[in-house]
Amino acid sequence: MEENYKYTKDWFYGSELKGKLNLILAKTSPLNILEIGCYEGLSSVYFADNFLHHPDSTLSLVDPFLSISNNSCKVLGVRQGENFDYNISKCKNQAKIKIHKKTSDDF
């Protein structure tokens, strides 16, 4: 995991999905990636840092960043979106990221 980012959980880096993405996504081809649900942006910055090298590649992120008192972020001790905003600001290719702060239904 990159040291210049802030995460409280490391769900993505040990996942089977991460390994499969490295096998099927061409890092030099134009990619338009959609991620629904971002939490702290762990997978978001991984996509940006590793797969958005082509000038036409984009990453669209959809998350409502709700402020609900009993959601998982409060249970985990993280204010919804705080680490996400920081991490996105530090990642490579951040200019190719479009953030949609809304529900996936509204998106």
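Two strands pair if DSSP finds at least two bridges between them; helices (H or I, at least four residues) and strands (E, at least two) are DSSP runs, numbered from the N terminus. The model is predicted, so local features need pLDDT of at least 70 and side-chain atom pairs pLDDT 80 or more, while totals for chains, interfaces and linings use all residues. Residues are numbered from 1 along each chain as its sequence is written, and side-chain values use heavy atoms, without hydrogens and water.

The sheet is open and has three strands in the order S1-S2-S3, with parallel pairing. Strand S1 (32-36) and strand S3 (97-100) are its edges, each pairing on one side only. Between strand S2 (residues 58-62) and S3 there are four bridges, and Val62 stands opposite His100 in S3. Helix H2 packs on this sheet and touches S1, S2 and S3 (contact means heavy atoms within 4.5 Å).

Aromatic rings come next. Rings of Phe, Tyr and Trp (its six-membered ring) pair if their centres lie within 6.5 Å; planes under 30 degrees apart are stacked, over 60 edge-to-face and the rest tilted. The whole structure holds eight such pairs. Phe12 and Tyr13 are edge-to-face because their planes stand at 80 degrees, with centres 6.0 Å apart. Tyr13 and Tyr46 are also edge-to-face, at 85 degrees and 5.7 Å. Tyr13 lies in the segment before helix H1 (16-24) and Tyr46 in helix H2 (residues 42-51), so this pair ties together parts 33 residues apart in sequence. Ring pairs link Phe12, Tyr13, Tyr46, Phe47 and Phe51 into a cluster.

How values were computed:
Axes are lines fitted to C-alpha atoms, for helices over the stretch in contact, and angles run from 0 to 180 degrees between N-to-C directions.
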